[in-house]
Amino acid sequence: MRAFFLMLLCAVVCSVSSDSHQVVTETLMDNVLVLRVPHGRRAVAHVSLSCGEAYQNQPVFWKKNGVDMNPPLQGNQVMVPVEETKGGNYTCHLGPDGDYLNHTVILVQLNPDNRSVILEKKSAEEGYIHCSAPNYKGSFHCTWTRTEFRAGAAVLLVKAQRYMESIPCELNADGSGIHCQDASCPYKEEQHPISLAVYIHSSALLEAYTKSFYLREIVRPAKLPNLQLSNDGRMFSWDYPDSWEKPCTYFGLHFQVKMVHNGQSCHDDTYIMHNTTDQTKYEINVKTRRYVFCVRAQDKHTSGPWSHWSQCVVNKDSVRC
C-alpha cells in the first residue's frame with residue numbers, strides 16, 4: 001500500500017511521461033504550473049490536470065486558450081501533451097458549451113534559462129535588473145527593460161524578501177519596474193541581503209530573474225539642491241538633499257567637485273580642477289571666468305553609487321545653476 005502511494009505521489013508531482021524524464025513540473029502559484037524543459041532539447045511532457053474535486057462526477061470538457069481541443073478532451077482529471085514552449089491556459093467547463101469552472105496556466109521555462117530573450121542586460125555588473133534607493137528608510141525601486149521583440153511580455157510574479165521576511169512591492173503601471181518598502185530600521189546594521197525574484201512571461205515562455213543586494217549598495221543620494229555661487233564669485237555652496245536621512249552626522253555624505261571647460265559635460269574625463277570635500281561649500285581659485293562647476297554626493301561610509309551631477313555654468317558675469 002505504501003509503495004502504491006509513493007508511485008501515485010510521484011505521478012501527481014512530476015506529471016511527466018517517461019520519454020521526457022528530464023522535464024520537471026513545479027507549481028509556481030495558484031493555477032500556474034511551470035515546466036522546466038532542458039534548453040535545446042525537443043521534449044514533450046504529458047501533464048496531469050484536474051478541474052477540481054467538486055466536479056468529480058460532472059461532465060467536464062476542456063479548452064486551450066479559449067478554443068475547443070482537437071480531439072475533444074473530457075473528464076475531471078486529464079493528461080495533456082505540452083511540446084517545447086507550447087503551453088497555454090487550459091480551462092474546464094460544464095459540458096461542451098457550458099459555464100467556466102476552473103483553469104490551469106502551463107508555462108515553459110528553459111533550463112538553464114535563456115536570459116537574453118525577454119529582458120535586456122543592463123550591464124555586466126548590474127545584470128538585468130537595476131535597483132536604487134534615495135536613502136535608508138527602506139524604500140527602493142527596481143527597473144528592467146524588455147527586448148524589442150518581447151515588448152508585450154508581462155510580469156507574472158514578484159518576490160522580495162530579507163531573511164525569510166517578505167517585503168511588499170507594487171508593480172509599475174507599465175510593468176517595467178517595482179516599488180518596494182522594507183520595514184527595517186534605518187539605524188539597524190544590515191546583516192542579511194534583500195533577495196528579489198521577478199517572473200516574467202511572453203506567451204507561454206517564462207523566465208525568472210533574480211538579484212541579491214544590501215540596501216547600502218544601492219542607496220544613491222538625490223541631486224544636490226540649492227547650488228549657488230557667492231556674490232564675490234569665489235565660493236560655491238549647496239545643501240544636503242531633502243530626501244536624505246537625518247541626522248547628517250550619522251548619515252554623512254562627501255562630495256566630489258569638478259570644474260570643466262564651458263561647453264563640456266560633467267561626465268567628461270578632462271577637467272580644469274577635480275577634488276573631494278566633506279563640506280557643503282567649496283572655494284575656487286582659478287583665473288578663468290568661463291567654466292562649468294559640477295558637484296555630486298556619495299555616502300561617505302559605504303562608497304555606494306554617486307548622485308547625479310548638479311552644475312552651474314559660469315560665463316563671465318553670467319551664472320546659471
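C266 and C294 are both buried, where buried means under 20% relative accessible area, exposed means over 50%, and partly exposed lies in between (1.4 Å probe, protein chains only). A disulfide joins these two cysteines, S to S 2.1 Å, a disulfide being a pair of cysteine sulfur atoms within 2.5 Å. The link of C266 and C294 is left-handed, with -85° about the S-S bond. It ties together distant parts of the chain: C266 sits in the loop between β19 (253-261) and β20 (273-277), and C294 in strand β22 (residues 290-299), 28 residues apart. Strands here are DSSP runs (E, at least two residues), numbered from the N terminus.

A word on the model before we go on: it is predicted, with local features needing pLDDT of at least 70 and side-chain atom pairs counting only at pLDDT 80 or more, while totals for chains, interfaces and linings use all residues. Residues are numbered from 1 along each chain as its sequence is written, and side-chain values use heavy atoms, leaving out hydrogens and water.

Now look at C51 and C92, whose sulfur atoms lie 2.1 Å apart in a disulfide. This pair too links distant parts of the chain, with C51 in the loop between β3 (44-50) and β4 (60-64) and C92 in strand β7 (residues 88-94), 41 residues apart. Their link is right-handed, at 80° about the S-S bond. C51 counts as buried because its relative accessibility is 0%, and C92 because its value is 1%.

C169 and C180 form another disulfide, right-handed because the torsion about its S-S bond is about 105°. C169 is partly exposed at 31%, whereas C180 is buried at 2%.

Across the whole structure, a search finds 5 disulfides.

Methods. Helix = DSSP H or I, 4+ residues; strand = E, 2+ residues; numbered from the N terminus.
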